[in-house]
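Here is a friendly walk through one protein model, with its charged pairs and helix packing in view. Have a look at the structure first, and then we can go through it together.

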Amino acid sequence: MGGIINTIVSILIAMTISGSATSMAEVTPQEAADAFLQNLSTDDAQTDMMYMDNKYINFLENVKGTDEEMDRLENAVFKNFSYQITDERAKGDVAVVKVAVNNCDFSDIMDDYEKASYKYVTEHLYSDTVTDKKKLNKKCLDIYLDQIEKSADKDPSYEADVFIPMEADGYGGWRIVLNDDIMKSILGELEIPTSE
């Protein structure tokens with residue numbers, strides 16, 4: 001009789017532990033979106049690795065610059081970033097979370113960057129810094145960062161409702177279906193330099 005009671009107790013304990021683990025592992029779409037946005041703004045390495053195929057995440061993580069330049073970029077882009085999750089809809093394995101994003105308006109960055117870099121090149125046309133590709137790239141990055149920091153120093157003027165689609169990851173959580181348009185909206189219409 002004691003063996004049967006021990007077996008029943010063991011099964012009940014196993015079911016309780018299993019049930020607790022399952023409930024702990026289940027994440028709502030809202031919680032997943034909140035974690036993503038929090039981790040994005042704090043340069044979380046795991047989040048960066050998960051979404052490295054996105055050109056914005058890749059740029060923020062892998063821009064060729066010094067640690068100081070990387071810090072300047074992160075600090076400026078997220079200086080005035082805030083958000084509020086306002087709605088969540090889920091059905092089966094798909095969900096959409098609506099997020100009200102506030103940030104600085106970075107939409108003019110590329111125009112300002114192109115003007116400033118053109119001015120620099122024309123003023124230094126016969127300088128070694130223009131003919132040396134590494135020095136020129138470094139200067140162009142510096143000009144780009146200057147433009148972002150100028151925008152970041154202004155009061156936040158960018159507001160947008162961003163709809164973040166998700167799919168169930170099969171483990172009680174959700175994975176963001178991230179594309180460049182979503183990231184651009186989250187980052188205040190920021191454009192990034194391309195080699196094209």
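A residue counts as buried under 20% relative accessible area, as exposed over 50%, and as partly exposed in between, with a 1.4 Å probe and protein chains only. By that rule aspartate 87 is partly exposed, because its relative accessibility is 29%.

The model is predicted, so local features need pLDDT of at least 70 and side-chain atom pairs count only at pLDDT 80 or more, while totals for chains, interfaces and linings use all residues. Residues are numbered from 1 along each chain as its sequence is written, and side-chain values use heavy atoms, with hydrogens and water left out.

**The overall layout**

The protein has nine helices and four strands; helices (H or I, at least four residues) and strands (E, at least two) are DSSP runs, numbered from the N terminus. Read from that terminus, the order of elements is α-α-α-α-α-β-β-α-α-α-β-β-α. Of its 196 residues, 34% count as buried. A contact means heavy atoms within 4.5 Å. Among contacts with a separation of 6 or more, 71% come from residues 24 or more positions apart.

**Salt bridges**

How many salt bridges does a search of the whole structure find? The search finds seven, where a salt bridge is a side-chain nitrogen of Lys or Arg within 4 Å of a carboxyl oxygen of Asp or Glu. Three of these pairs are set out here.

| Pair | N to O distance |
|---|---|
| Lysine 138 and glutamate 69 | 2.9 Å |
| Aspartate 87 and arginine 89 | 3.3 Å |
| Lysine 139 and aspartate 142 | 3.8 Å |

Take the pair of lysine 138 and glutamate 69, joined by a salt bridge. The two residues link distant parts of the chain, with lysine 138 in helix α8 (residues 133-152) and glutamate 69 in helix α5 (residues 67-77), 69 residues apart. Lysine 138 has a relative accessible area of 47% and is therefore partly exposed, whereas glutamate 69, at 9%, counts as buried.

Aspartate 87 makes its salt bridge with arginine 89. Arginine 89 has a relative accessible area of 58%, so this residue is exposed.

Lysine 139 and aspartate 142 are both in helix α8, three residues apart, which means that about one helical turn separates them. Lysine 139 is partly exposed at 27%, and aspartate 142 counts as partly exposed at 22%. The pair also belongs to a network of salt bridges that links Arg72, Lys139, Asp142, Asp146 and Glu149.

**How α5 packs against α8**

Are α5 and α8 roughly parallel or roughly antiparallel to each other? Their axes are 9 Å apart, and the packing angle is about 25°; axes are lines fitted to C-alpha atoms, for helices over the stretch in contact, and angles run from 0 to 180 degrees between N-to-C directions. The two helices are therefore roughly parallel, given that angles under 35 degrees count as roughly parallel, over 145 as roughly antiparallel, 65 to 115 as roughly perpendicular and the rest as oblique. Their crossing is left-handed, a term for a near helix turned anticlockwise from the far one by less than a right angle, with clockwise being right-handed.

On the α5 side, the contact involves Glu69, Arg72, Leu73, Ala76 and Val77; the α8 residues they meet include Lys138, Leu141, Asp142, Tyr144 and Leu145. By class, the contact holds eight nonpolar, no polar and six charged residues. Here Ala, Val, Leu, Ile, Met, Phe, Trp, Tyr, Cys and Pro count as nonpolar, Asp, Glu, Lys and Arg as charged, and the others, Gly among them, as polar.

Helix α4 (residues 55-62) and α5 have axes that come within 9 Å and cross at roughly 135°, which makes α4 oblique to α5. Phe59, Leu60, Glu61 and Asn62 of α4 meet Met70, Leu73 and Glu74 of α5. This contact divides into four nonpolar, one polar and two charged residues.

Where does glycine 65 lie? Glycine 65 is in the loop between α4 and α5, and counts as partly exposed at 35%. Glycine 65 is 73 residues from lysine 138 in sequence, yet their C-alpha atoms are 7.4 Å apart in space. Leaving out residues up to four places away in sequence, glycine 65 touches Met70 and Leu141.

**What covers α5**

In α5, the buried residues are Glu69, Met70, Arg72, Leu73, Glu74, Ala76 and Val77. Their cover includes α2 (29-41), α4, β2 (94-103) and α8.
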